[in-house]
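Look at the chain below and follow it step by step.

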Amino acid sequence: MAEIRSPGSLMEECRQYDAQLSELRMLLGERLHAARAELALASEPHEVTPPVAWVRPSAEAVRRASRDVAAIEAAVERMDLGLYGTCTECEAFLPLDRLRLAPHVQLCAACAGETRMSA
């Protein structure tokens, strides 16, 4: 049988979730800003310090930076749609610690094929 909880405890839980989402939205914003800056840097030749030569960005650096920007933008879109924090494969909730570490992740550890090494 389902646990019956008071409206006050439900409201407190709602406030906690709202605060966590705000924290994660801020993290996504910071990471998106950094990823866009990295993409801009990776996309254009830049001078090496000390100025001795111009360095051409590698295609791999541009692809990686573009992939990072796209993943973060997709996470922001999922948040706006109310789908953020769930695995896109199995729809399981993603642990808060996982989202804090990598707020743009879309897959749970099981669907991502991650395994834990036990001691």
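Helix H1 gives the largest pocket the largest share of its lining, four residues. This is a predicted model, with residues numbered from 1 along each chain as its sequence is written. Local features need pLDDT of at least 70, side-chain atom pairs count only at pLDDT 80 or more, totals for chains, interfaces and linings use all residues, and side-chain values use heavy atoms, with hydrogens and water left out.

A helix here is a DSSP run (H or I, at least four residues; strands are E, at least two), numbered from the N terminus. H1 spans 7-43 and H3 spans 96-101, and each supplies at least two residues of the pocket's lining.

A pocket is an open set of points on a 1 Å grid over the protein atoms alone, where a 1.4 Å probe fits, with protein on both sides within 12 Å along at least five of seven lines; lining residues have an atom within 4 Å of a point. In the largest pocket, 13 residues form the lining. Tyr17, Gln20, Leu21, Tyr84 and Gly85 lie nearest its centre. The lining holds ten nonpolar residues, three polar and no charged. Tyr and Leu count as nonpolar, Gly as polar.

Now move to residues 87-111. An unreviewed UniProt entry lists them as "zinc finger region: dksA C4-type"; such annotations may be inferred rather than shown by experiment.

Finally, find Glu91 in the loop between H2 (59-81) and H3. Its phi is near 65°, a positive value. Most residues other than glycine have a negative phi.
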